[in-house]
Each structure stands twice: as structure tokens, then as C-alpha cells.
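Please examine the sequence and the model below.

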Amino acid sequence: MDSKVVVGNQEGDRALFDASSSTSLPHQHQLQHPHPHPLPLHFDLEILQVEETILEIAGTNTSEVKNTISRNESESSPMSLKRKHGNLEKLEAGLAQARAAIREARKNGNRTQDPDYLPTGPMYWNANAFHRSYLEMEKQFKVFVYEDGEPPIFHNGPCKSIYAMEGNFIYHMEVTQFRTTDPDNAHVFFLPFSVAAIVTFIYEPNSRNWAPMKRTVRDYVNLIAGKYQYWNRTLGADHVMLSCHDWGPELSFSVPHLGKNSIRALCNANTSEGFNPTKDVSFPEIFLADGTTRHLLGGGVHGPVRPILLEHWENKDEDVQVHRYLPKGVSYYEMLRKCRFCICPSGYEVASPRIVEALYTGCVPVLINDHYVAPFSDVLNWKTFSIEISVKDIPNLKNILMGISQRQYIRLQRRGRQMRRHFEVNLPPERFDVFHMILHSIWLRRLNVRLNPQS
């Protein structure tokens, strides 16, 4: 069952919800946890008040980390231990300088010019701090990518599907200038497995048997932990996994420290399923039908929210047009371009590619989902270029959107167009695009951790 919801276009006052634009795979598992939605993580460097060996993230026991570091280092030779301490001290000194520079920019402004882009405006929690942080990332951030593992599960991922950002990021992470081949020079360590590939090649459809998938993740982390010292050094707190698949959060808890301590970059940034904005990264779901953003395609009605839209608005109001299918000959892309507001309800999970598609086409996104942390909300103030509506307010949707003045709409649309660059997929990646914004959010989380080589 496909559907379309239109609440006004450029000529009138309409917004679009086209459920046929959804591209999620059939849902096979859903968690329900009625936790309240926390405030979004603002770009506020007060979160960088770290202490002792490592920031106590999500209940990580600091003494446990200290003991693990001491135990691993006691097994190293004096020369290698001295070198590792020296590298770690250098890395931490650089991060301390970056923190100081970002604080200074937040307080007194950023006087650095940029030939490509200079962030300004209320779309950023603090444009000066963001720009300074981005420049510091470019200057020093290094990521070690574990070479262990074979395709198609590792070092590989989908590049032409709803989960395309997994494969896109893994591929570019292998060749980016931010990659280092020396783990002693790395700020973070990337675990290059694809959850989408694990589901494709290991999961038996409709079996509901998660054990083989969880064992794959667990075996890989155990391999890394046994072969290298870096996982045990921090119990995974400076390690990164990335997943755009709905099941990424659940599979991360196959290894408790991976789910609890590590930086998890997730499309399914659902706080009711354990997403922690102080250590995890929310990045956008972008459907790349042919590996690019040139084509926007359709899907169907699924999840708990979209049927509610149909129930309240299908054929109920001439200003809120709801159709089961797009009319023949009507382009989804062109309809997005004509609409003032594009309604972006969650499907089986909270993320939706429609959010980015709205920004691509100059349509103001209307986010309808609970427990969702919007992409890059550590830096971006979504309230300045989108509308957020709770699921319980769907019956009042028309009144809410009609209450937005022409002046407010123009401001929202203009700011959304400015933010588009942060959601663009470029080949090769370009500064401030989606690949680099994901990296920057990971960089921010690493700034939140301080290691003490003398512990």
C-alpha cells in the first residue's frame, strides 16, 4: 500500500508526504522502550570536562580502564612502551590544543578565513566553534582502519540502496587523507564491518535467529582485542563502528563494551533503543539508487507512524491531499520541488531518507518521529531550518503548518538550502560534505575522551 499526503504546494499552502518514497527493507525486528527524548546535544564544549584516564561514558568504570591499560602495558617491552607513551602524549597534547582553540573561537569568534566555506548563521549552535573545530580536525585527526577481515562482510558495504552510506563511508575511509597506517598515531580506530552486509550474507530471512550475526560481530572484536593492544587500552572507547541498517544498534550490543563505550555512528539514532548523543553519532540515511543522488525512488507504507497520517488525512481535507499512489506521470522529485513542506515520518525505525531529499529539493522538512536525534545535531540547530512535530500532534498537522507565516517559511527554506552542503554525497568527498560531517562528529566524540599514558 503506497500513499501520498500533500498539504499545500508553492501555489497554495501544501506539504508533501509520499510514502511511496520510502525505501526501507521489510521490517523484521523492532524494539520498544518508552524512554523520554533528551534534549539534543548542542555544540557546547562544556561536555569536554574530562577527568582521570578516560571520560566515564555510559557507565564505563574508570578504574577498570586503568587496570586494563596497566595490565597490557606491563606485557610490552620498555622501548615499545616508551614509544607508545610518547606518541600518546603527543596525541593528547594536540587534542588539548584543539579544545583550547575551539573554546577560544566560541568565546571570541573565529578570525580564520576559509576559501571554500565560512559557516555563519543560527543554523549552527555556534558557527565559530564549529569552523574552528573543523579546521582542527583537518589539521590533526587520524583514523586507523583495521585491515583484518575479508569482503563482503568487511571492508565492503552497499553503495546502491537505502543503506548506501555504509558502503560509501567504508570505501572513502579506506582511501581518505585522514587514514593512518600507524595505529600509534591514531586518535580513533575504525571497525570496518558492514551491518547491512552481515544481514545480507549471514541472516536467514524470517528465521529471527540473530545468533550468527551477533557471533560475527563478537568474533571480530575478539580478534581485534587479541591481536592489538588498542581495544583493551580503553575498553573500546576510542573505537568506531558505523551502521545505517536498522539493526546496527542491536548488533553493537553483541559486545557490551562496543555498545556501551564505543563511538557508534548510526542512522537509527533512536534514544529509546540506547542511542547516547554524548558518545554516539547520528548521520543521515540517504538513498542512493544508482550510487549517486541523481535519482529519487519510491517504496511503501510501513511502521507505526505512517498509517496514522493516512488515518487522519487521507481524503479528509482538500488542503491535505492524501493519495494511495502518486498520480500517473507525476514525478516524485518534481512534486518535492513544488511543495513548501515535506513531511518526513519515521518508518519501522526513526530515520528517513526523505529528510535529506527535502533539503536537496528546497522543501522544508517536517520531522514526525519521537526519540529521534537528527543528523549532526551536535553542530546543527534543526529548529532553524525544519519543523519538528510529535506523533501525537498528527491530528493537528494542518493547523501547525498553516500557522507558519510566509516570512517564517522563506527563512526556513533559505536556511535549509544553506545546510544542503552538509548532506551532499560527493565523489570524491569535498570539504564540509556528508562524509566529512560524519568524520567531524566522530572527531567531537574523540575530543570527549582523554587518555593518560602515565596511568
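Asn-206 counts as exposed, with 68% relative accessibility; exposed means over 50% relative accessible area, buried under 20% and partly exposed in between, with a 1.4 Å probe and protein chains only. This residue lies in the loop between α5 (195-201) and α6 (211-227), helices (H or I, at least four residues) and strands (E, at least two) being DSSP runs numbered from the N terminus. Asn-206 has a positive phi of about 65° although it is not a glycine. The model is predicted: local features need pLDDT of at least 70 and side-chain atom pairs count only at pLDDT 80 or more, while totals for chains, interfaces and linings use all residues. Residues are numbered from 1 along each chain as its sequence is written, and side-chain values use heavy atoms, with hydrogens and water left out.

Phe-376 also has a positive phi, of about 55°, and is not a glycine. It is found in the loop between β11 and β12, but at 1% relative accessibility Phe-376 counts as buried. Most residues other than glycine have a negative phi, and most peptide bonds are trans. Two peptide bonds here are cis: that from Pro-151 to Pro-152, with omega near 5°, and that from Leu-427 to Pro-428, with omega near 0°. Pro-152 lies in the loop between β3 and α4, whereas Pro-428 is in the loop between α14 and α15 (434-447).

In α14, the residues Tyr-409, Leu-412, Gln-413, Arg-415, Gly-416 and Met-419 are buried. They cover an arc of only 165° around the axis, which puts them on the same side of α14; the arc is that of the directions from the helix axis to the C-beta atoms. Their cover includes β10 (341-345), α12 (354-360), β11 (364-368) and β12 (387-389). Helix α10 (residues 305-313) has Val-305, Arg-306, Leu-309, Leu-310 and Trp-313 as its buried residues. These span an arc of only 145° around the axis, which puts them on the same side of α10.

Finally, an open sheet of six strands has the order β4-β3-β5-β6-β7-β8, with parallel pairing; two strands pair if DSSP finds at least two bridges between them. At the edges stand β4 (179-180) and β8 (281-282), each with a single partner strand, so one side of each is left without a neighbour in the sheet. Strands β6 (residues 239-243) and β7 (residues 263-266) run parallel and are joined by four bridges.

Notes: Contact means heavy atoms within 4.5 Å.
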